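Walk through this structure one feature at a time. Keep the sequence at hand as you read.

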Amino acid sequence: MKKPLKVAAWSGILGLILGIILNIIYSILSIKEASSTLMGALTITTVILTIPLFIFFYYGYIALGNKLNNNFLKVMAWIGIVIFILVGVFTLIIGIISISVPSVNAQEIGQSSYPDFKALVISVFLIIWVIWIFATLPAAIYLILFGIAQRKNKDQVELAGISGTFKIIAGATLFLFIGILFSFISFIMDIVMFFKASKKFE
């Protein structure tokens, strides 16, 4: 790859556009009470499209770490890639299972042969909530460490310092959900940072 930093920047933009489009589709299908089969197919499509973009985006950090001899940043980026792939595979399995099971939508719940469907939905929601609580701590630690690693290049790369600071704040406030907003702001900054770094180093 000749210009990994520029590729990372464009991958971030495409990922942002794709995320907006997919969220709109998810919202429309949820309102229309789409079947589990259709939602599962959309989940699989989402994973297939986002994994390559995520890898290209995070490889930008690795390329930046190589150019600036920042091994800490490279390690954190590789960890992020591995975690995202594992989560992607898990989500892909869920999507496949959703397609495999009999399709049930909200209009059929009362008439279906699944009397405990509502209880199942509540149970799944509670499981996801518990997973979120336990996953927040390592995710918060990861964001803080990533921010520290990124700030090491604040003097060499424009926006690296402030973006790293936003990552640290995101990690510290992730339990309050506001950390997601700070993480998103950092993501936007990183896209711009990769473009600027590409002009400087590539």
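In this predicted model, E158 and K196 meet through their side chains in a salt bridge, with 3.8 Å from N to O. The two residues come from distant parts of the chain. E158 sits in the loop between α4 and α5 (160-172). K196 belongs to helix α6. How accessible is K196? Its relative accessibility is 35%, so K196 counts as partly exposed, because that class lies between under 20% for buried and over 50% for exposed.

How many salt bridges does a search of the whole structure find? There are two. The other pair is D190 with K167. Here the closest N and O atoms are 2.4 Å apart. D190 is part of helix α6 and K167 is part of helix α5, so this pair ties together parts of the chain 23 residues apart in sequence.

Are D190 and K167 buried or exposed? D190 has a relative accessibility of 1%, so it counts as buried. K167 has 6%, so K167 counts as buried too. The cut-off behind both calls is under 20% relative accessible area. As for the pairing itself, side chains of opposite charge can pair when their charged atoms come close.

Two helices, α4 (117-151) and α6 (178-201), each supply at least two residues of the patch. Helix α4 gives the largest share, with four residues.

I141 lies in helix α4. Its relative accessible area is 44%, so I141 is partly exposed.

Last, look at T46. Where does T46 lie? T46 is in helix α2, which covers residues 36-68. T46 has 16% relative accessibility, so it counts as buried. Which residues does T46 touch, leaving aside those up to four places away in sequence? The contacts are L22 and Y26.

Note on methods:
Residues are numbered from 1 along each chain as its sequence is written. This is a predicted model: local features need pLDDT of at least 70, side-chain atom pairs count only at pLDDT 80 or more; totals for chains, interfaces and linings use all residues. Side-chain values use heavy atoms; hydrogens and water are left out. Buried means under 20% relative accessible area, exposed over 50%, partly exposed in between (1.4 Å probe, protein chains only). Contact means heavy atoms within 4.5 Å. A salt bridge is a side-chain nitrogen of Lys or Arg within 4 Å of a carboxyl oxygen of Asp or Glu.
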